[in-house]
Every structure is written in structure tokens, then in C-alpha cells.
Amino acid sequence: MKKAFKILIILAGALLIANAALMTTIANLNIGLLPVVALGAMLLCYGTFFEKLKAKKAVHIFVALVLSVVTVFGSFLAVYGNIDNASYTEKTVIVLGCGIRGERVSVGLAKRLNKAYEYHQKNPDAVIIVSGGQGPQEDIPEALAMKRYLTEKGVPEEKIIMENKSTSTITNFKYSHEIMKEMGLPDDSVAFVTNAYHVYRGASYAKKEGLTVKHLGTDIIWYTIPMNYLREMLAVVKMWVLD
């Protein structure tokens, strides 16, 4: 039993590190890979030296605590983000940007945009604000790539407003709110679209910005789960402590 547990822990650690290596080849480099590598390294070391740690009760408690927090925290973010509450009568839809590669939207961003397109089909009168500036390894602002994607799917260009200055979730809502004020759009008739793991933090920042929002979450590719969820957990803790 102990041998099987040891092998399982080592395998989990190796898979996490392999996942981080894979993500460096298919996504923009970002700090979100660090917690994946850290957790993987911790599990590898724990499994490898498990026999020598039998008397180290504090180490076992620490590892168990880390795994418990990751499991519970990640489950909370996933459940929260998968409960959509948009009424499809909102005046404004804000689509939160994420990394693009060159000028192409990433798979994760495409999922957000596809959800926004589905929303548009049900409520074509809503104004769509695509929100995202230009970051490292990006040749154009995310908002421009997002607008191109939606217009290619058939969304009228006049229904899409670009917010191309933001570099974070909090500024996504700050600058989008400024556009809404300029257009005379109400603060209490807003839905936003993002990936499920990101919905909780998005809703929290929107509330701080003075917006009453509904939300639509979308899934992600399975192999991006470790990076996205571990990074998001750290971002939520930062929001609780500093923002």
C-alpha cells in the first residue's frame, strides 16, 4: 500500500512538471507555470524520499495540507465559474481578454469569444466590449484580435467596442466601465464572459468597480487545468490580501 502511494505521488509530480514543460511550447511564457513546477517538484521529492520521512510528521502534515487546499480551492473556483446566471437581456457584454500568440487568439480565448457569440445570437442588441491590451509576445492588442474573431463569425462590427489599454482583470473592468459611461450604458445591466476558473475573481473586481454583473463561464482544455487553476488560486489570494 505504501509502495503504491509512493509511486502515485512520484507519478503525479512527474506529470505536473511534464505539463509545465508542455505548456512552454504551446502558450506564452508566464508566471503561472511556477506553481505547477513547484507543486510537481514538491510531490517528486516527497515521493522519492517518502521512506526517509516516516518520522517527519510535520512534512506529512504540510503535504497533506497543501493538497487539501489545492483540491478544495480549485473545486470552489470550478463550481462557482460553471454556474452561469446571465439573463440574456443585458445591455452590455464584456469579454475579458487573455493571451494571444502573435495576432491569433489562443484556444482559451477562442472559447470565451465563442460563448460571447452564442450570447449575441440570443441577444443581438447588446453591446459587446472586447477588453484586452497588448502584452509580451503579442503583435497586436488582444482586443483587436478578439474583434476580428467575432466579426469573422458574423457579429456586426458596430456592435463591438474595443478596450485595448487593460493589462489585468481589474483594469479590464476599469477601462470597460469608462467606455460604458461614455456610451451611456447602465451599470446594472452587464454580463461578462471568461473561463470558468476566472469567473470568481472577475465578479469580485467588477463589484469593486461598481458594476452589477452577471457572468458566463466557459471550459478550458484539460491539459491547461494545472497552470490556469494554480495561477488563479494565487491571484485570488493576492486579491484578498492586497486589492
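**Notebook: a look through the predicted model**

Started with T194: skipping neighbours within four places in sequence, I find T194 in contact with L96, R112, V199, L216, G217 and T218. Bear in mind that I am working from a predicted model throughout. T194 sits in strand β6, which covers residues 190-195. Is T194 buried or exposed? I looked it up, and T194 is buried, because its relative accessible area is 0% and the cut-off for buried is under 20%.

**Overall picture**

I then stepped back to the whole protein. I count eight helices and seven strands in the secondary structure. The C-alpha atoms fill a box of roughly 65 × 35 × 30 Å along the principal axes. Of the 243 residues, 46% are buried. I also checked how far along the chain the contacts reach: among those between residues at least 6 apart in sequence, 72% join residues at least 24 apart. The accessible surface comes to about 12400 Å², and 63% of that belongs to carbon and sulfur atoms.

**Cores**

Next I went inside. The largest nonpolar core has 40 residues, and the members touching the most others are L77, I94, F173, M180, F192, L211 and Y229. I picked L77 from that list and wrote down its partners. Leaving out residues up to four places away in sequence, L77 touches A196, Y197, Y200, Y229, E232, M233 and V236. There is also a second, separate core of 25 residues, with I100, I128, A145 and M146 among its members.

**Helix α2**

How many Å should helix α2 span? Helix α2 runs over residues 33-48, and at 1.5 Å a residue its 16 residues should span 22 Å. I find its end C-alpha atoms 22 Å apart, so the two agree. For the buried residues of α2 I noted L33, P35, V36, L39, G40, M42, L43, Y46 and G47. What covers them includes α1 (2-26), α3 (57-81) and α8.

Is V241 buried or exposed? V241 is exposed, because its relative accessible area is 61% and the cut-off for exposed is over 50%. I see V241 again in a nonpolar surface patch of about 440 Å², which it makes with V237, W240 and L242.

Note on methods:
Residues numbered from 1 in each chain as written. Predicted model: local features only at pLDDT ≥ 70, side-chain atom pairs only at ≥ 80, totals over all residues. Heavy atoms only, no water. Patch = residues over 30% accessible without salt bridge, like charges linked within 9 Å, V, L, I, M, F, W, Y side chains within 5 Å. Areas by Shrake-Rupley, 256 points an atom, 1.4 Å probe, with all protein chains shown as cover. Salt bridge = Lys/Arg side-chain N within 4 Å of Asp/Glu carboxyl O. Buried < 20%, exposed > 50% of the residue type's maximum accessible area, 1.4 Å probe, protein only. Helix = DSSP H or I, 4+ residues; strand = E, 2+ residues; numbered from the N terminus. Contact = heavy atoms within 4.5 Å. Core = buried A, V, L, I, M, F, W, Y, C linked by side-chain atoms within 4.5 Å. Expected span 1.5 Å × (residues − 1).
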